[in-house]
Structures are given as structure tokens and as C-alpha cells.
Amino acid sequence: MDTAIDEACRALHLPTIRRRVQEMAADAMRQRSNYKDFLADLLEAECAERSA
């Protein structure tokens, strides 16, 4: 699964998600976040880095 995520992030040009997905997934599990919250956090991180 990690390889599929990495390859998809490369293909879609999502460097922030690619770099942070493991860390953010671990945080989401600790906080018991649902899937939509986790996905929103990933996308927000990607957008924030692109804006910076």
C-alpha cells in the first residue's frame, strides 16, 4: 500500500502528501480521526505548502 501511495503522489505531483502521509496517518490514528478528516488534513497541508 505504501508503494501505491508513493507512486500515485508522484504521478499526481503531490510532494507534500508524499512526504507527510506516514506522519499524518500516525497522528490521525492517535487522534482517532475519521477518513474524511485525515484526507482533508492531507489536502490542506498540500495546499498550504503550495501557497507558501
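Where does His13 lie? His13 is found in the loop between α1 (2–12) and α2 (15–31).

## Basis of the report

This is a predicted model, in which local features need pLDDT of at least 70 and side-chain atom pairs count only at pLDDT 80 or more, while totals for chains, interfaces and linings use all residues. Residues are numbered from 1 along each chain as its sequence is written, and side-chain values use heavy atoms, with hydrogens and water left out.

## Loop residues with positive phi

Helices (H or I, at least four residues) are DSSP runs numbered from the N terminus. In the loop between α1 and α2, His13 has a positive phi of about 60°, although His13 is not a glycine. His13 counts as exposed, at 59% relative accessibility; exposed means over 50% relative accessible area, buried under 20%, and partly exposed in between (1.4 Å probe, protein chains only).

Arg32 is located in the loop between α2 and α3 (35–51). Arg32 is not a glycine, yet has a positive phi of about 55°. With a relative accessible area of 75%, Arg32 is exposed.

## Cysteines

A disulfide is a covalent bond between the sulfur atoms of two cysteines. Here the term denotes a pair of cysteine sulfur atoms within 2.5 Å. Zero disulfides are found in a search of the whole structure.

Cys9 is buried, with a relative accessible area of 6%, whereas Cys47 counts as exposed at 51% relative accessibility.

Definitions and conventions. Helices (H or I, at least four residues) and strands (E, at least two) are DSSP runs, numbered from the N terminus.
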